[in-house]
Each structure stands twice: as structure tokens, then as C-alpha cells.
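Here are some notes for a colleague who is opening this structure for the first time. Please keep the sequence and the model side by side while reading them.

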Amino acid sequence: MRYPRPTVVVSKCLGFAACRYNGQVIPDEFVHKMKQHVDFIPVCPEMETGLGVPRPPVRIVMDGDRKILYQPSTGRELTLEMQDFSARFLESLEQVDGFILKNGSPSCGPRNVKAYVGRENVSRTVKRSGFFGGSVLAAFPDLPAEDEGRLRNFTLREHFLIRLFTLRRFREVERIQTIGGLVDFHTRHKLLLLGSSQSGMREMGRVIARHDKKNAAALLAEYRACLEKALLKPPSTGAVINVLLHAFGGFSGDLSAGEKKFFLDSIEEYRDERIPLSTLVYLLRSWSHRFGNRYLLDQVFIDPYPRDLVEIADSGKGRDL
Ligand code: SF4
């Protein structure tokens, strides 16, 4: 399987440069692994707004409803500089498929960043988006954007990777701009989309059925909007299990009783959040090769992203964060 390389904007301190306020870099194993498969655009918004290294730390301060980027040791406000940089940078991106941003940073953190209520009061805090991270979510609400902390959770990581590589594959369809390319994409993603959103999958089918009434660019834009929405939420466990059982049904005459029992027991382990989806998909992939199941071998569901990017051994945590 060939995987086109997604373009991902990443916080520069996650292994690319020693640009933290204290002059440190934070190596991240997952980001490091992704370098083989992804074209990264590293960025440090604090450096880009003119803050050097090392520098006094900044924080988010709430002044009533107003969110301020504040440097307590100097009393400087950097809100406008950061908003200006974020807008310019995000508008300048010609193509992007996703974002990996530094957890907890007042600049990069996409969600749940500590914000102090009042400049002097350090005892009351609330949670907000960081300045750059919040601008990313506002500018690209339907693209995958996660922090490196959440990506240690194997379920969130699987969902992030499925969205990232699916949207990148769709860019190939947009490049070719043919109805045949779109139909082929839709066909190969059928099981994956069924697991993500049955209603979204049906809507995408309706978009394709109307193809003679629209030009290719308008059709692809409509399909992309449906695709991004369908992939937005992690699929429900029940929907994914239905897809797994559907695929498993294709081997009903081929497997021994022991193999069937093992697979069904493994589904229960997946339901109980003890193993990731990739474990079950691995079994289906291996049987597809063994029994020459062409239909399944053509489905992206059994090979949605480079395999070395999810390993149960380093997953650490279960389903929810
Ligand atoms: S979190 Fe963002 S702003 Fe802070 S050092 Fe890392 S890249 Fe720079």
C-alpha cells in the first residue's frame, strides 16, 4: 500500500528546535516516527512574534471576557502580535492536512490550556484554547488537530491518523479531478466510512449520484465537506464492530472453529477497551491475503495508514482522555 504524505503543521519545540522559553526541546516519539510518512511544517509562534530564547514565560490571562497573552515578569501584552502572526501564517498555508500542537502551551495548545483569572490572581484558573491553537481550530474546524499528549491515547491516535491519511488520499482525487477517481475513492473507503458515519456515507453516495448536474470542482468540494464531517467524531464502538463482523463474514467458510472463536473473543476485548482496533484489523488483513479476499484487500479499512504509527506496546492508555 502506498500512502501519500500528508502535510502537517507541528509545534517546533516537539523535536525540531530548542525553542521553549527555557531553551529546551521536547522530543516526542510519535512525532519522530511520523517524520518518515509526513511532510511537517514546524512553527514556533512565540519565536515568530519576536520573543527570543530563552525568554520569560507567557501565560493566558482573562480580563473579564477578554483573553490576553501576558508576560508577567515584564508586564508586556503580546495578544495583538500573536493574533496577527496566527492569522498571517494560517492564511499563507497553501495545503495542509492536519496539526500536532504542544499540549498546555498558552500559544500552541489547542484546548484545555490553563488561563489565569486576572493578572495578579494566580489561584483562580479556567481552561481555554491557546492563541495559535485556538486560531487553528477556528480556521480549520474540520481538519484533524490534536496535541501530542492526547495522541498518546491509542484510540485518539488511530482516529487522528485515519482522518489525516484519508483526507490526504482525497487530495489526490482533487488533483486528478475526475468522476472516475471519486467513485474509486468512495468504493475503496466504503467500510471505513460505514464505521465512521452511515448517514455521512449515504450523503456522499447522493453527492456522487448527482454528478451530471455539477462540474467536477463543485462536486469534489461538496464531497470533501461531507467527508470531513463524517470523519469528525471518533466512530462508535458498536458501528466499528458491525463493520468488523461484516468483513469477518467474508471468511465464514474458510476459518477453523478456533480461529472464529479467537476473533469473536478479540472483538469483546476491543469492546472492553483492552485492545486497539488495529489488532483486529491486522487479523482481517492477514486472512485477506491468505484466502485471496480481493474485496477486503481493496478496502482502505484494513490498511488506513502506515502500520508502524500505532503500536499497542506504546499506547499507554485506553479509549477516553
Ligand atoms: S509550544 Fe509553541 S510557542 Fe511554545 S515553544 Fe513550542 S512551538 Fe514555540
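Which helices are included in what covers the buried residues of α8?

1. Please bear in mind throughout that this is a predicted model. The cover over the buried residues of α8 includes α6 (179-188), α7 (190-196) and α9 (216-230).

2. Helix α8 itself takes in residues 198-209, which makes 12 residues, and from its first C-alpha to its last it reaches 17 Å, close to the 16 Å expected at 1.5 Å a residue. Its buried residues are Met201, Met204 and Val207. Viewed down the axis of α8, these buried residues fall within an arc of 115°, so they line one face of the helix. In general, an α-helix has 3.6 residues a turn, so residues three or four places apart point the same way. On the face of α8 that is turned away from the buried side, one finds the exposed residues Ser199, Arg206 and Ala209.

3. Helix α5 (residues 154-176) has 23 residues, which should span 33 Å at 1.5 Å a residue, and this agrees with its end C-alpha atoms, which are 33 Å apart. This helix is mostly covered, since 17 of the 23 residues of α5 are buried. Glutamine 177 follows α5 and has a positive phi, near 60°.

4. Turning to the ligand, the residues that surround it include Cys13, Cys19, Cys44 and Cys108, and among the others are Lys12, Arg20, Glu46 and Lys102. The shell around the ligand divides into 5 nonpolar, 3 polar and 4 charged residues.

Technical notes: Residues are numbered from 1 along each chain as its sequence is written. This is a predicted model: local features need pLDDT of at least 70, side-chain atom pairs count only at pLDDT 80 or more; totals for chains, interfaces and linings use all residues. A residue is near a molecule or strand if its C-beta atom, placed from the backbone, lies within 6 Å of it. Ala, Val, Leu, Ile, Met, Phe, Trp, Tyr, Cys and Pro count as nonpolar, Asp, Glu, Lys and Arg as charged, and the others, Gly among them, as polar. Helices (H or I, at least four residues) and strands (E, at least two) are DSSP runs, numbered from the N terminus. The expected span of a helix is 1.5 Å times one less than its number of residues. A residue is buried if 20 or more other C-beta atoms lie within 10 Å of its own, exposed if 12 or fewer, and partly exposed in between; C-beta atoms are placed from the backbone. The arc is that of the directions from the helix axis to the C-beta atoms. Two residues are in contact if their C-beta atoms, placed from the backbone, lie within 7 Å.
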